[in-house]
Amino acid sequence: MNNFLFVAAENDALANCKAGGMGDVVRDVPRQISEHGDKVHVIVPSYSRLHKDGLFKTNLNFYLRGLRYTAELYEVKPKKEFPNIVHYVLHHPEIEAGDIAHIYHNDPEEPFYTDAIKYFIFCTAVSEAIKQGAFGDLDVVHLHDWHSSLLLFLREYHPDYSNLKDIRFVYSIHNLAIQGIRPFDGNYSSVKNWFPEVPLDYQKLMDYRYQDCINLMAVGIRFADAVHTVSPSYKEDVLLPSSPPEFIGGEGLEKDLQKADDEGRLFGILNGCNYKNINSEAKGQIYRNTVKALFGWLQQEDKKYKADFLAHTGEKIMDYVGNRPKFIASSVARLTEQKFYFFMRSPEAFVEILKRLEKVDGIFMLLGTGAPEYEELFRKLSYEHKNFIFTNGQSEKLIDSIYLESDLYFMPSLFEPCGISQMLAMRNGNPCLVHHTGGLKDTVKHMKTGFSFDGDSYDEKIKNMLEVLDEALDVYENDKPTWKKIQAAAKRMRFTWKKSVDDYYKLLYNIA
């Protein structure tokens, strides 16, 4: 039996431990490894909240900033039990919940300041747990994004953790744009402050653009035994330099990725989607679940937006309960530049989408939280347009209803390493309209399983997005057999974790 450890910032196998798609992957891949008959330990930070009902396992003692630190390791119950999977959280009072999904901190003035401190402590404690044998003898450690890459720094340079060199380390890139860049020195949240005893190889650790800084995403790429992008097309994208907004590629790390590729360490393997044990809502609950979610959010004191916005949204929903629209376009996503840059830069294009939906008695439903400027944009548009319903929060029941009851799922990502939303929509026979980029290229085929737009310039992309929407609405209204064929083809598509994890074993884990 092979023994794995997954180290990440999110794990959707636990309640309230997800901000994005990484949480889905960290939930689903261990389940597939378990089906192989192997054992998986999964560890995430407690964020000062997830350990409270956990089973205390051990204290972990280590040194940071020249001081002795003690963290606590807890075993915790997942939402669903699977054989050979053990879930842990690591508690230390300085690893606090952030303002993004109660996980990440948004530090606009000095990006990654607070999160770097959290993950410095977390990764050092995990390294100590491995050293103490808390997870047994490990064959593979699988790291996810920059939050966990510090283990590779410790493995390479820290005299206390040279034992990590005996284990194979794999690094998955979920969002290359978020790189965890921090100063080497001269700052409380700097490498030298937290690891004063570790000799630094500045050339191997530095960010090419900010040479007085470490780039933790680059550390993952440079030092892992295998590096993984979460779709084949995204692997091809990141080997090329970015030229925003027309093309988002390697985001300044293309040379590192090219080197990893030349060394045979870089692999593009498409994420999978879960097709069993699915939480499903009954059809016809979408408006009821929206109202329930709104009432839940009204009672939360920490919501920054006002009750009148929620009431305004609720009033629209109640209109639709008795007078259902004929067509629902939808989107469920973090409100960020990656997902909605086109709408932020060209809000008039989104207004045009709403006008075109109005002609077919259609509405647009958007659910998500994220960057304040994006939340503000969509709140403003919601006030101005009756057929736009913006629910500015999270609700699993409502998300399930949106995937089930939409007619067209909209995913105009500026770039997309893989994307899970389009797979979840397609699983329900819901065609997607996507930007032809990254993993969306690998999953949605124009006029076969959905609709896709592209263009050589920004203006061309916007123009084509609207034209493709017209094409989709025309098929929906005037060619029902073709629409049903696209729906059926979307529903038949299978992006299974079995296929993906078989490739993990062969290419990433090096296990025959």
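In the predicted model, a polar atom of the Ser189 side chain lies 2.9 Å from the backbone oxygen of Tyr113, where a polar contact is a pair of N or O atoms within 3.5 Å, one able to donate a hydrogen and the other to accept it, residues adjacent in sequence counting only if both atoms are side-chain atoms. Ser189 is located in the loop between β8 (181-183) and α4 (191-194); helices (H or I, at least four residues) and strands (E, at least two) are DSSP runs numbered from the N terminus. With 0% relative accessibility, Ser189 is buried (under 20% relative accessible area, 1.4 Å probe, protein chains only). Beyond four places in sequence, Ser189 touches Phe112, Tyr113, Ala116, Ile117, Arg182, Pro183 and Trp194 (heavy atoms within 4.5 Å).

An open sheet of 6 strands is arranged in the order β14-β13-β12-β15-β16-β17 with parallel pairing, a pair requiring at least two DSSP bridges. Because β14 (388-391) and β17 (450-453) each have a single partner strand, one side of each edge strand lacks a neighbour in the sheet. The twist from one strand to the next averages 20°; axes are lines fitted to C-alpha atoms, for helices over the stretch in contact, with angles from 0 to 180 degrees between N-to-C directions.

Strand β13 (residues 362-367) pairs with β14 in the parallel sense over 4 bridges, and Leu366 stands opposite Phe390 in β14. Helix α10 (residues 307-322) lies across β13 and β14, at about 130° to β14.

Residues are numbered from 1 along each chain as its sequence is written. Local features need pLDDT of at least 70 and side-chain atom pairs pLDDT 80 or more, while totals for chains, interfaces and linings use all residues, and side-chain values use heavy atoms, leaving out hydrogens and water.

Technical notes: Buried means under 20% relative accessible area, exposed over 50%, partly exposed in between (1.4 Å probe, protein chains only).
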